[in-house]
Amino acid sequence: MSNSNFTRRGLLKTSAMAGGALAMPTIYDGSVWADAHAGYLNAPTGSTVTLGFNVPQSGPYADEGADELRAYELAVEHLNGGGDGGMMNTFSSKALQGNGILGKKVEFVTGDTQTKSDAARASAKSMIEKDGAIMITGGSSSGVAVAVQGLCQEAGVIFMAGLTHSNDTTGKDKKANGFRHFFNGYMSAAALAPVLKARYGTDRTAYHLTADYTWGWTQQESIQAATEAMGWKTANNVLTPLATTDFSSYVAPVLNSGADVLVLNHYGGNMVNSLTSAVQFGLREKQVNGKNFEIVVPLYSRLMAKGAGENVKGIFGSTNWHWSLTDEGSKAFVKSFGEKYGFPPSQAAHTCYVQTMLYADAAERAGTFNPCGIAEALEGFKFDGLGNGETEYRAEDHQCFKDVLVVKGKDNPTSEFDLLEIVEITPRAQVEYAVDHPMFAGGELGKCNPGA
Amino acid sequence: MLGLEKKDTSLLIIVAILTMCAPFILNPFPADSAMAQFNAGYPDLMQRFVIFGIFAIGFNILFGLTGYLSFGHAAFLGIGSYSAVWMFKLLGYNILPGIFLSVITSGLFALLIGYISLRRSGIYFSILTLAFAQMSFALAYSVLTPLTNGETGLQVYNSDPQYFHSDAMPNIPHLFGQEMQSTYTLDAGAWSFDFNTGYYLCALIMLGMFYIAIRIFRSPFGLMLKAIKTNQTRLNYTGLNPRPYTLAAFVISGMYAGLAGGLMASMDPLAGAERMQWTASGEVVLMTILGGAGTLIGPVLGAGFIKYFENIFSKINDTVLHQWFAFLPDGIEDFLIAIVHPFVGKGWHLTLGLMFMAIVIFLPGGLVEGGQKIASKFRGKKAKDDAPAASDTTPAE
C-alpha cells in the first residue's frame with residue numbers, strides 16, 4: 001500500500017506548491033496570446049462553447065426580452081440535438097448536425113440590459129471577460145443594440161443583433177463584427193407606402209407624432225420620404241418625449257391641422273398610449289377633406305397590439321415576421337415554440353432564434369469560431385427556410401434583405417394571440433436600397449476584429 | 001504619515017492593500033468550479049467597484065458631512081463622461097485630457113446647479129437637484145442629440161478628427177500607450193486572476209481621492225461642514241454664513257462625480273444618457289447609506305455591495321439554479337428553484353431591496369456599523385462602547 005498522505009493540511013500544502021509552480025503568466029492582449037491560442041478572443045478550449053444572451057429582463061421592454069430568452073433557449077436546445085429541431089430542418093443550409101456547434105456543446109449565459117446602453121455594455125462585458133462568451137446577441141432597442149455592437153467590435157467578438165429597427169444599426173453605426181437580421185425603418189416605409197397608396201389614395205396629408213430619439217427620427221424620416229414620394233403631403237411632425245404617458249395634448253391639435261392621416265412613430269408602451277389617446281379622441285370616426293381619418297403605426301408587434309387591445313383594429317403597420325405565416329420554416333418554428341411554451345412566438349423571438357441559428361451555421365461552414373471567419377461566412381450568405389423566404393446577408397452593411405410583412409389589426413380576433421392579419425408580403429426588391437443611401441450614410445464597417 | 005492620524009493612516013493602508021490585492025480577493029473560487037459564478041474579479045466589474053467608490057466618496061463629502069441630500073448627483077457623472085468622450089473624439093484616445101476636462105466641466109456645472117439649489121435646504125434642496133438632473137437627462141437624451149448622440153450614446157467613430165492620434169497609438173483608450181483594456185492573466189492552478197491596467201489606474205486614483213477625502217474630513221473645513229449638518233440655525237446666529245461652505249462641498253463632490261464619469265468613459269469609451277437618470281442618482285444615495293453615511297470607508301463598501309449584486313446576482317438564471325440543485329430529487333429541486341427564482345436573475349432588485357431594508361432597520365450606521373459590532377465582539381467589549389462612533393454616522397434628516 002502506498003503511503004498517500006491525503007490529509008487536508010497535506011492537500012493544501014501540495015496545492016499551494018502546485019499553484020506556485022503552475023503560476024504561468026499569460027498575456028491576452030498581444031501576440032503572445034494569439035500564439036498560445038487560436039488567434040482570437042475567448043477561443044473555446046474545452047468541449048463546450050458559450051454564447052451570451054443579453055436581453056432586457058427589466059424595464060419597458062421586459063416582455064420582449066422574456067420572449068427573446070425563450071427563443072434563445074429553444075435555439076440552444078435544437079443546436080444541441082434536443083427537441084424536434086425546429087427550423088434546423090427547414091433551413092436551406094444543412095451544415096448543422098444537432099451536435100452543438102463544431103462538435104462543441106452549446107452553453108449560454110444570460111444578462112439583463114435593463115434597456116440602458118450602460119447596463120447592457122456592463123452585462124456584455126462581464127459575459128466576454130468573465131464567462132468567455134464567443135458571441136453576444138440580443139437587445140430590444142436600437143440604442144442598446146448600437147452600444148453593444150460597438151463594444152463587441154472593440155472587444156473582438158461577434159454581435160448578432162436582436163430586435164433593433166433603427167436605420168443607424170446598419171447605417172451610420174454599422175460595425176464589421178455586428179450583424180442584423182431584423183428589418184429597419186426604411187424597409188418599413190418602403191413596404192407600407194404602396195399599401196397605403198392603394199387603400200388611402202395619393203391625395204393625403206400626414207401628421208407625424210414621433211418618439212424623440214434616434215429610432216423615432218429615422219423611422220419618421222423614412223416614412224415621410226416614402227409617402228411624399230407617392231404624393232402625400234406632410235402637415236407637421238411633432239416630437240414627443242420618450243417618457244410621455246398622456247398623449248392627449250399631442251393628439252388634440254391633429255384635428256385642426258388639416259391632416260387626414262396620423263402616423264404614430266412610437267414603439268412599445270408609447271405606441272399603446274398614443275394610439276389609445278387618438279382613438280379616444282374619436283379620430284377614427286372623423287371626416288377630414290371628405291375622407292375618413294386614418295391612423296398608421298409603422299412598426300407593429302404582437303405584444304404592442306395586445307397592449308392596445310380593441311384600438312388596433314383595422315390599423316396598418318409593418319412587421320418582420322408573424323406566426324401565422326404558412327411557409328415550412330415558420331410552421332416548424334411555431335410548432336416547436338408552441339409545444340415548449342404553450343403560445344406562439346413573437347417577432348422578437350423569431351429574429352433571435354434565427355440569429356442564433358445563422359451564427360451556428362456560419363461557424364460550421366467556416367470551420368472556426370474566429371469572428372473574422374464567421375463574418376466572412378455570413379457576408380453575402382443567401383439562405384431560405386427561416387420564415388422570411390429567400391434572404392441575403394448583404395456583405396457591405398451586414399443587413400439582411402428579405403420580404404417585409406404589411407399587417408393590419410384584425411377586426412375579429414379569435415384568440416389573444418391572433419391580433420394581426422397579414423395584408424401583403426412586400427417583396428424584397430421593393431424594400432432594397434443602395435449601401436450609400438443618404439439615410440444610411442456616414443458610417444463604415446471597419447475591419448473585423450478577432451480580439452487578439 | 002502624510003499628515004494623517006495613526007487611525008486614519010492604518011485605514012488608508014488597509015484600503016490600499018485591499019484595492020491592490022482585489023484581483024485575488026475577488027476571485028476566491030477556482031475558475032471551473034460551480035462557485036465561480038460568484039467570482040467578481042474580472043476587469044470590468046473591478047473597475048466599476050473603484051469608479052463607483054470614487055463617486056460615492058465624493059457624494060459622502062456632501063451628504064455625510066453637510067447632511068444635504070443631493071438627488072441629482074448622476075448628472076455630474078454623465079457630464080464627466082460626455083466631456084471625456086468628446087476629448088477622445090477631438091484629441092485622441094489618451095485619457096488624461098478627457099479626465100482633466102471631465103473634472104473641470106462637472107465642477108462648473110456643480111457651481112451653477114449648487115449656486116441655485118443651495119438657496120434651499122432639506123427636501124427642497126433634494127427636489128431642486130433632482131429636477132436639474134432630470135433636466136440634464138432629458139436634454140442629453142433628445143434635445144442635445146448633436147452633442148450627446150441621444151439614446152444611442154456618444155461613441156468615437158473612425159471619422160472623428162482625433163488631432164493627436166497617430167497610427168502608432170492604440171485605437172482604444174490608453175495612457176501614453178498603456179492600453180486600459182490590457183489584462184495580464186495569472187493562472188495559478190485552478191485559479192485564475194486578472195490584472196488589468198485600467199483597474200490599477202482607477203484604483204490608484206481612488207486611493208488618492210480617498211486620501212483627499214480623509215484630509216477634508218479632518219480639516220477645519222470639514223469641521224465647519226459637520227457644524228452645518230448638526231445645527232445650521234445656530235451657525236447662522238454665530239454670524240457665519242454657511243452657504244460658501246456648502247457650495248464648496250457641493251462643487252468638490254460634483255468634481256468627484258465628474259472624475260468618476262471621466263474614468264468610466266476611459267474604461268469604456270461610450271457615454272449614455274441613462275448615466276444621468278434619477279435611478280443612477282438614487283443608486284449613489286443607496287450606496288452611501290448602505291455603507292454608512294458620514295464614515296470614510298462606508299461609501300466604498302456600499303458601492304462594491306450594490307455593483308456586486310447588479311452584476312453577479314442578475315446573471316444567475318434558472319439553468320444555473322438547476323446546476324446547483326441537480327443533486328436533489330426532482331420534486332425538491334423544482335420546489336427550491338421556485339423559491340429562489342424570484343430573488344435572482346431579473347429579481348436581483350428584490351434581493352437588494354430586502355438587504356437594504358434589513359441594513360437600514362438593524363444597522364442604521366450601514367455596513368460600517370456592522371463591521372464595528374463584529375469587531376467589538378471580537379475584542380470582547382460590549383457593543384455599547386461603540387455608541388459614540390455610531391451616533392457619529394447617523395445621517396441627517
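**Terms and what backs them**

Analyst: Over residues 48–410 of chain A, the chain is 39% helix and 20% strand, and the end C-alpha atoms are 45 Å apart. This is a predicted model.

User: What makes residues 48–410 of chain A a stretch to treat as one unit?

Analyst: A record does. The UniProt annotation, from an unreviewed entry, reads "domain: Leucine-binding protein" and covers residues 48–410 of chain A. Such annotations may be inferred rather than shown by experiment.

User: Which hand does the crossing of helix 3 and helix 13 of chain B have?

Analyst: The crossing of these two helices of chain B is right-handed.

User: How do you know that helix 3 and helix 13 of chain B touch?

Analyst: Contact requires C-beta atoms within 7 Å. Residues of helix 3 of chain B, including B:F49, B:F52 and B:A56, meet residues of helix 13 of chain B, among them B:V300, B:A303 and B:K307. By class, this contact of helix 3 with helix 13 of chain B has ten nonpolar, five polar and two charged residues.

User: What makes helix 12 of chain B oblique to helix 13 of chain B?

Analyst: Helix 12 (residues 278–291) of chain B packs against helix 13 of chain B at about 120 degrees, with axes 7 Å apart. The perpendicular class stops at 115, and the antiparallel class takes angles over 145. About 120 degrees falls between, so helix 12 of chain B is oblique to helix 13 of chain B. Their crossing is right-handed.

User: Which residues join helix 12 to helix 13 in chain B?

Analyst: Helix 12 of chain B uses B:L286, B:M287 and B:L290, among others, to meet residues of helix 13 of chain B that include B:L301, B:F305 and B:I306. The residues of this contact divide into nine nonpolar, four polar and one charged.

User: How do helix 5 and helix 6 of chain B pack?

Analyst: Helix 5 (residues 95–117) and helix 6 (residues 122–143) of chain B pack at about 145 degrees, with axes 9 Å apart. Helix 5 of chain B passes helix 6 of chain B in a right-handed crossing. B:I113, B:I116 and B:S117 of helix 5 of chain B make the contact with B:F125, B:L128, B:T129 and B:F132 of helix 6 of chain B. Sorted by class, the contact residues of helix 5 and helix 6 of chain B are five nonpolar, two polar and no charged.

User: Why are strand 14 and strand 16 of chain A called edge strands?

Analyst: The sheet in chain A is open, with three strands in the order 14-15-16 and antiparallel pairing. Strand 14 (382–383) and strand 16 (400–401) of chain A each have a single partner strand, so one side of each lacks a neighbour in the sheet.

User: What makes strand 15 and strand 16 of chain A a pair?

Analyst: Pairing takes at least two bridges. Two bridges join strand 15 (residues 391–393) of chain A to strand 16 of chain A, so the pair qualifies. A:E392 has A:F401, in strand 16 of chain A, as its bridge partner.

Terms used: Residues are numbered from 1 along each chain as its sequence is written. Chains are lettered from A and ligands numbered from 1 in the order in which they are written. This is a predicted model: local features need pLDDT of at least 70, side-chain atom pairs count only at pLDDT 80 or more; totals for chains, interfaces and linings use all residues. A crossing is left-handed if the near helix is turned anticlockwise from the far one by less than a right angle, and right-handed if clockwise. Helices (H or I, at least four residues) and strands (E, at least two) are DSSP runs, numbered from the N terminus. Two residues are in contact if their C-beta atoms, placed from the backbone, lie within 7 Å. Ala, Val, Leu, Ile, Met, Phe, Trp, Tyr, Cys and Pro count as nonpolar, Asp, Glu, Lys and Arg as charged, and the others, Gly among them, as polar. Axes are lines fitted to C-alpha atoms, for helices over the stretch in contact, and angles run from 0 to 180 degrees between N-to-C directions. Angles under 35 degrees count as roughly parallel, over 145 as roughly antiparallel, 65 to 115 as roughly perpendicular and the rest as oblique.
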